[in-house]
Amino acid sequence: MNNSWVNILKSAKKSALVQDGRRKIHFLLENGDELCEEYDMKTDQLMVRKWRKKTKLGGIKHWEVEIGEPEKLHPSLQMGKALLMESSSNPICSRLDTKRSFQWRIRNLPYPLSTYNITVDNESAIVVRTSNKKYFKKLFVPDMERSGLKLSQEKLSFSHANNTLVIQYEKPKEVLSDQDILVKEFRKMKMSGEGDIDCKQS
């Protein structure tokens with residue numbers, strides 16, 4: 001099993017606190033990238049994962065959400081730039097995993113289930129198409145890439161209700177094993193109950 005992801009997080013500098021029923025952990029990786037994760041205290045479910053990576057010139061990018069609801073405001077709005085917000089009727093894709101599945105929810109898609117064609121492309125991405133050509137989306141699974149694993153059509157499923165397309169991909173045993181190892185590791189961390197850690201959008 002590829003444990004490089006586990007080792008990377010174990011060796012990172014970490015700070016943590018408990019806030020709003022969540023265990024929030026900030027990681028500073030050896031390459032200078034920052035990672036923030038939020039776990040539900042009752043279930044140990046990972047609710048948020050976001051990255052702030054350095055540019056090639058040493059600058060710092062904005063936080064990029066990998067798991068969790070997307071930010072409501074474009075980051076540039078916080079830099080004083082006047083930008084138009086996306087229409088609330090546009091499709092909104094967010095990744096909200098369960099314990100045993102990677103899961104994406106795409107809201108504002110009113111088409112019936114038969115409209116969607118969802119396939120694994122080159123064992124590396126999930127492609128969402130509609131027969132009416134109104135929507136196209138390519139979904140990547142960084143967890144699989146970090147573990148050196150390929151995607152399989154057999155583990156893919158989807159459903160549709162209330163204008164929301166729900167796509168699920170069964171987590172392989174390697175990912176589940178890494179998940180368990182890390183949760184046990186994080187439980188050992190000393191937690192602060194006050195203050196904040198640097199996981200804010202900026």
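**View 1. E66 lies in strand β5, residues 64-67.** Helices (H or I, at least four residues) and strands (E, at least two) are DSSP runs, numbered from the N terminus. The model is predicted: local features need pLDDT of at least 70, side-chain atom pairs count only at pLDDT 80 or more, and totals for chains, interfaces and linings use all residues. Residues are numbered from 1 along each chain as its sequence is written, and side-chain values use heavy atoms, with hydrogens and water left out. E66 counts as buried because its relative accessibility is 14%. Buried means under 20% relative accessible area, exposed over 50%, and partly exposed in between (1.4 Å probe, protein chains only). The side chain of E66 makes a polar contact of 2.8 Å with that of W51. Another, of 2.9 Å, links the side chains of E66 and R146. A polar contact is a pair of N or O atoms within 3.5 Å; within protein, one must be able to donate a hydrogen and the other to accept it, and residues adjacent in sequence count only if both atoms are side-chain atoms. Beyond neighbours within four places in sequence, E66 is in contact with R49, K50, W51, R95, P142, D143 and R146. Contact means heavy atoms within 4.5 Å.

**View 2. Charged ends sit over the rings of W51 and W5.** Over W51 sits the charged end of K53, 5.1 Å from the ring centre. Over W5 sits that of R146, 4.2 Å from the ring centre. The criterion: NZ of Lys or CZ of Arg is within 6 Å of the ring centre and within 35 degrees of the ring normal.

**View 3. Strand β4, residues 46-52, is largely enclosed by the rest of the structure, because six of its seven residues are buried.** Strand β3 (residues 34-40) runs antiparallel to β4 and is joined to it by six bridges. Two strands pair if DSSP finds at least two bridges between them. E37 has R49 in β4 as its bridge partner. Three bridges join β4 to β5, again antiparallel. There, R49 has I67 in β5 as its bridge partner. The hairpin of β3 and β4 has five residues between the strands, and D44 in this hairpin takes a positive phi near 65°.

**View 4. An open sheet of four strands runs in the order β6-β7-β12-β11, with antiparallel pairing.** Its edge strands, β6 (92-95) and β11 (156-161), each pair on one side only. From one strand to the next, the twist averages 15°. Axes here are lines fitted to C-alpha atoms, for helices over the stretch in contact, and angles run from 0 to 180 degrees between N-to-C directions. Four bridges join β6 to the antiparallel β7 (residues 101-107). R95 stands opposite W104 in β7.

**View 5. K133 and N163 have positive phi values.** Most residues other than glycine have a negative phi. K133 has a phi near 60°. K133 lies in the loop between β9 (125-130) and β10 (136-140). At 75% relative accessibility, K133 is exposed. N163 has a phi of about 60°. N163 occupies the loop between β11 and β12 (164-170). At 40% relative accessibility, N163 is partly exposed.

**View 6. F27, Y39 and F186 form one aromatic cluster.** The whole structure holds five aromatic pairs. Rings of Phe, Tyr and Trp (its six-membered ring) pair if their centres lie within 6.5 Å; planes under 30 degrees apart count as stacked, over 60 as edge-to-face and the rest as tilted.
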